[in-house]
Amino acid sequence: MLEIKNLTKVYEGGTQALYDVSFTVKPGEFLAVIGLSGSGKSTLLRCINRLIEPTDGQIIWNGQDITAASQDEMLRIRRKIGMIFQHFNLVSRSRVITNVLAGRLGYVNPAMSLLNHFPKSDMDMAINQLERVSIADQAYKRADELSGGQQQRVGIARAMMQEPEIILADEPVASLDPVLAHSIMQHLETINKEDGVMVLCSLHFLDLVHRYADRAIALNEGKLMFDGSPKDIDDARFKEIYGKEAERVG
Amino acid sequence: MNKKKPSLLRSLGTTLVVFLVIVIFAYGVQVTNVNFETTRSEIRLTQLTRVLRALARPDIIEYDQVETNIEIPFYLPCPEDQEILIPEHTSEEAYLVSSAYCGSAGDIIHIEGYNLLPNYKGPVNFVTASGINKPLGDFLTDGEGYFQLDAELPNRQPVEDAQHIRATIKTRVSGPKLTATAKSTWEKIIETVFMALLATAIGTAVAIPVSFLAARNLMEENKSPLTSMAFSIIGWPLGIYLGLQTAHWIRIIITPITENLLYTLGGLILGPILIYLVLRMTISNSSTDQETVLNKGFKILAYILTAVIAIAVFIFIETLARSVGNTITEPLGMFGFLGNFLYQMGEASSLIIPAITALGTGAVIGSIFGKIGQNISDKAAAKIVKTVNLFGAPLAGAILFALVGAGIDWLYQIQNLSKTLFWPAGIGAAIGFVLAIIIAPKRALPTGLVIYSITRTILNGTRSVESLVMAIVFVIWVGIGPFAGSLALALHTLAALAKLYSEQVESILPGPLEAVQATGANQLQTIVYAVVPQIVSPYISFTMYRWDINVRMSTIIGFVGGGGIGFLLQQNINLLNYRGASAQMLAIALVVSLMDYISSVVRERMI
């Protein structure tokens, strides 16, 4: 159970990115976050693992207040929250396997990890995760030799190495073509359905939301505009979320 | 509406600007003593020609030469009672014929030479009784070795005996040989290149960790509340002191053991095994998740034990390196430098071990204290935190200012406790107290930015002092020679590279950094996994570039006694030995352009 209570974020310089946002996510739920660019989707996701410090409000996960966690506790919390990014955010000069193993950094002995040494079990796990997204044969290539779709699958494998209970996906398919987009979304769906991982995924295309999400929330200029089933987003709601001049595509 | 200014005003403005520029340049000409008259001076032009011609013939190659003298007797003045002997010649050997064999000063005589080297130019001298050469002129033979020359007899004291007119031919008897200058130039240029190499290596090694402290994007995120900040300020000096003491005591305890080679070897083998065992036990016994206090205490004890053993092992290695180095230097003969290297490494580590121990202990205790402060600030109620701050911050301020006071006392020798200790400590405590009152107890302060600014300031200050100036100080410390030069270059390299490196860190992509942070990696792990891969190749290219600069700098650092080829160059310039200086300049040009080429090739390969 993830509870977001009155979450507010004001950036230095006064930009109000989130304004009193509250909602809850049930375990095993696939939640889509929609809204225009700049509506606060990325900020919201990054507040949950505190890559961005919220200004006000609480995030309560399994009874623990994430916003009040100390730095050490935060490291423990973060390793249970996997994250997937629009631009994949792989270390392009490192090998694929190293990128995937980076997902274990929160678990392994820090001193050994600095020497680039991981336990055998983690190595096996990394190969397994790569097999799961069917790119195990690319494991020893440099990350920037891979295509966009492959890179995003490495990103998923890295997140899965954390044995996460939550996955935060920040527009995971926005830089991919429609075919790849579906394949990546299917991987996320598998993770959600088979492993029971809660997924919070920001998306641009409503058809993807309809197809994959159990529930959707919508943000407009930092305010929560909608919270409910994707089916309930009719034309009127759509105009509310995206503005009066918006037209539906796809 | 965009109204144009009146054109008259505009042109007036332009005129004024042009006029100002002219005035500025005129003043510049005055200040820099521009004097074109001197450039036309006859004497200076002759000198310039001479020097340029000397520079054009670097003193690199010479030949062994044999002089052949062809002479005829000559009487100056003509003897009154003696008969003049006219030498006889066979037609095959070289000989001279003169129009007269005696005469008085100022007479013109006609000299002819036969069978000399064809097409050869050489001197004809009047050789006095005491062996002094008075030049009569130069001869130039034709294709058959014949020449003729009219010469005026020199004005000499009258001598009764025969003196000589001598034509000299020099012939090379060997192939080209390197001159002594060339050999010493070669030695010094090698010294120069290695000075640059050492300086770059030392500078780079230190610059890499420092560059992370001077990178804004990494440091910005480090925020800590006042409690944590004050605690770690208290912890650092305490740790450094403890570290110094520990290193000292370990050395005292271990020294008797190191006097026996067998014990030393035993310690060297036993030490790492012990470390391995202790670490294995602690790591396997603890899961990273939840830890009891007892568990944690054991872990800390184990780490301390490991550190102590590690220091002991390093001292063993150091003594071993010293004694082995000392013994093998002689027998190794030509490769004796390897023995010396071992010995010097041992010496260097006897300096470095206490320093690293002190810094390491300082860092550990500082961060443990900081963590305690962080935890207090995170968990305790605001009121308690405030109370802790009211004690902690003044103490930290007092310690910080007292240390600064001690530094000032050392530099200026004030030796007045109330001025260097009590007053600064009091002021520091007061500042700490005020901060503890003003600042909200749990507010996160930008500690990282403070460290960043201090590092940057120190780096900029160090960088602005030229290595030539630094060399002067190092020459006083370690004596005239290449070691002083290397140290000066190393210090400058450290400052310059740390800045360049840190700018590279600042320009990395934030995405991967964010992604690795999101996995729950700590800061060190984030640097190793997200930052380092992104900066390896620019670091290498900057280092190569810096080596290049260091080679160039080390060629002139000898001017202030820093060793290398600059020493020779300066000496030759002062002795007006321009041919020697030319050889050294040539060597510098060759090495610098070679370095340029090599570094560009390596950089291309690396990136």
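# Notebook: chains A and B

**Entry 1. Layout of chain B.** I started with the domains of chain B, which are domain 1 (66-178), domain 2 (179-223 + 448-607), domain 3 (224-365) and domain 4 (380-445). Domain 2 is written in two segments, 179-223 and 448-607. I note here that this is a predicted model. Next I looked up a distance between domains. The centres of domain 1 and domain 3 of chain B, taken over C-alpha atoms, are 82 Å apart.

I then took the overall dimensions. The C-alpha trace of chain B spans about 130 × 95 × 55 Å along its principal axes. How does the radius of gyration of chain B stand against that of a compact globule of 607 residues? Chain B has 39 Å, whereas the globule would have a value near 25 Å. I counted 17 helices and eleven strands in chain B. Of its 607 residues, 31% count as buried. I also checked the contacts in chain B between residues at least 6 apart in sequence: 77% of them join residues at least 24 apart.

**Entry 2. A sheet in chain B.** I picked out an open sheet of three strands in chain B. Its order is β3-β4-β7, and the pairing is antiparallel. At the edges I find β3 (95-98) and β7 (147-152) of chain B, each pairing on one side only. Neighbouring strands of this sheet are turned by 25° against each other on average, direction ignored.

I followed one pair of strands in detail. Strand β4 (residues 108-114) of chain B pairs with β7(B) over six bridges, in the antiparallel sense. Which residue of β7(B) stands opposite Ile109(B)? I found Ala151(B) there.

**Entry 3. Layout of chain A.** I turned to chain A, which has nine helices and ten strands. The radius of gyration of chain A is 18 Å, close to the 18 Å that the globule rule gives for 250 residues, so chain A is as compact as a globular protein of that length. I put its C-alpha atoms in a box along the principal axes, and they fill roughly 55 × 40 × 35 Å. Buried residues make up 46% of the 250 residues in chain A. Among contacts in chain A with a separation of 6 or more, 68% come from residues 24 or more positions apart.

**Entry 4. A sheet in chain A.** I traced an open sheet of four strands in chain A. The order reads β2-β1-β4-β5, with antiparallel pairing. Why is one side of β2 and of β5 of chain A left without a neighbour in the sheet? β2 (16-25) and β5 (64-65) stand at the edges and have a single partner strand each, so one side of each has no neighbour there.

A helix packs on this sheet. It is α1 (residues 41-48) of chain A, which touches β1, β2 and β4 (56-61) of chain A. The direction of α1 makes about 60° with that of β2(A).

I went through the strand pairs one by one.

- β1 (residues 2-10) of chain A and β2(A) are antiparallel and share six bridges. The bridge partner of Ile4(A) in β2(A) is Phe23(A).
- β1(A) and β4(A) are antiparallel over five bridges. Leu2(A) has Trp61(A) as its bridge partner in β4(A).
- β4(A) and β5(A) are antiparallel over two bridges. Ile60(A) has Asp65(A) as its bridge partner in β5(A).

I stopped at the hairpin of β4(A) and β5(A). Two residues lie between its strands, and Asn62(A) takes a positive phi near 50°.

**Entry 5. Where the chains meet.** How many residues of chain B are in contact with chain A? I get 23 residues of chain B, in contact with 26 residues of chain A. On the chain B side, α8 (336-379), α14 (510-518) and α15 (523-556) each supply at least two residues. The residues on that side divide into eleven nonpolar, ten polar and two charged.

Just after α14(B) comes Gly520(B), with a positive phi of about 95°.

How values were computed
Residues numbered from 1 in each chain as written. Chains lettered and ligands numbered in written order. Predicted model: local features only at pLDDT ≥ 70, side-chain atom pairs only at ≥ 80, totals over all residues. Pairing = 2+ DSSP bridges. Contact = placed C-beta atoms within 7 Å. Axes fitted to C-alpha atoms, helices over the stretch in contact; angles between N-to-C directions. Rg over C-alpha atoms; globule rule 2.2 N^0.38 Å. Buried ≥ 20, exposed ≤ 12 C-beta atoms within 10 Å, placed from the backbone. Domains from an automatic or database assignment. Nonpolar A, V, L, I, M, F, W, Y, C, P; charged D, E, K, R; others polar.
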